[in-house]
Every structure is written in C-alpha cells, then in structure tokens.
Amino acid sequence: MKNNKTNLILILSTSLLVAFIVFFFYFFNVIKNKNKHTSVVISTLTEKISEKEKLSVLEKKMAELGDINKKINNYLVNPSNIDSFVEYLENTGLNNGVELIVKSVEIEKTEKNKILISVYMTGSFSNVIKVISLLENAPYNIKINSLSLMKEIEKNVIDSTAKNIKGVIPVIKSTWQSSITFSVLSL
C-alpha cells in the first residue's frame, strides 16, 4: 500500500510538474507575444507621430513658400494682367504731376519672360526726374534700355500775381519731355 501511495504521489507530482512547465511556457509565449505587439504598436505610434510632426513642419514651410511666392509675384509682371502694371505706371505719373503716356507694350519674343514697354512723359524737370527715379526704384525688376530727356520749347505765360511798373510781367515756363524704353521681367 505504501508503494501504491508513493506511486500515486510520484504520478501526481510529475503531472503537476509537467502542467506547471506547460503553463510556464504558455504564459511565457503570451508575454513574449504581448511584448512584440506592444513594441510594434509603439514603433508604429512613433512613426505616426514623426509623420505628423513632419507634416506640420511641411505645412509651415508651404505657408512660408506661399508668402515668398506672393512676394516674387509682386516683383514680376503677369502678362495676362499687364493692364494693372500700365495703370501703376500712369498713376505714378499722375501722383507726381507728370503726364505719362504708355506708348507701347510688347512681349519680347527673343527673350522669354520679358516685356518691353515704351513710355512718354511731359512735365517740369524735377517731376520728370522724380518719375524716372521712381521707375528705376520700382518694386518690379525694371531694366531701362533707353532714356531721352529734352527741353520743350519755352512758352510765355502771363503771371497775374507778378506786376512791374508797366503792368504784367511775362513768365517763361519750360516743360520737359522724356521718352523711356525699358524691359520688365514677367511670369
């Protein structure tokens, strides 16, 4: 009987040991798989966070590039909107007391992205020179090809405010003419 009891204890302890070893390997594999899954999830999450950060940086850069593009477009004349540039030129003349007439606007065929413009203006010497200076320093990329400046025939104008002993003094008023041909970069 003792032998039977000992055999039973041996069989029970061996089966418990085998069950414990099986459960140990089962839980070890479960933990190992959970660690693999957690590591994959963490690496995927890290990649997604990295991509999101890169996208936010890219959006900021695109916004900056949009601003830079707008600035560049302000320096270049769009051939389809040349009328706004001609209006800018005429307003520059009007604002400075000069009669400014745009004689011709030609899109250069030999060189791409250039527009040739010919301008004629009449006014006082200081105003004509001021408009020429404003054209040179305009926010557009302007290259003056030719410039002629000449004094118009003097005219006698009677100044009613100035009188001498014999009556009204005639005042000589001179006007200046300028013809400018320049090229401007276009889109």
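Which residues does F182 touch, not counting residues up to four places away in sequence? This is a predicted model, in which local features need pLDDT of at least 70 and side-chain atom pairs count only at pLDDT 80 or more, while totals for chains, interfaces and linings use all residues. Residues are numbered from 1 along each chain as its sequence is written, and side-chain values use heavy atoms, with hydrogens and water left out. With contact meaning heavy atoms within 4.5 Å, F182 touches F85, L89, I115, L116, I117, V119, L135, I142, K143, I144 and N145.

F182 also belongs to the largest nonpolar core, which has 22 residues, and it is listed with F85, L89, L100, I117, M121 and V184 as having the most contacts inside it. The elements that give two or more residues to this core are α2 (82-95), β1 (99-107), β2 (114-123), α3 (125-136) and β6 (176-185). Such a core is a set of buried Ala, Val, Leu, Ile, Met, Phe, Trp, Tyr and Cys residues joined through side-chain atoms within 4.5 Å, where buried means under 20% relative accessible area, exposed over 50%, and partly exposed in between (1.4 Å probe, protein chains only).

F20, in contrast, lies in helix α1 (residues 2-75) and is exposed, with a relative accessible area of 58%.

Taken as a whole, the protein has three helices and six strands, where helices (H or I, at least four residues) and strands (E, at least two) are DSSP runs numbered from the N terminus. Along the sequence they follow the pattern α-α-β-β-α-β-β-β-β, and buried residues make up 19% of the 187 residues.
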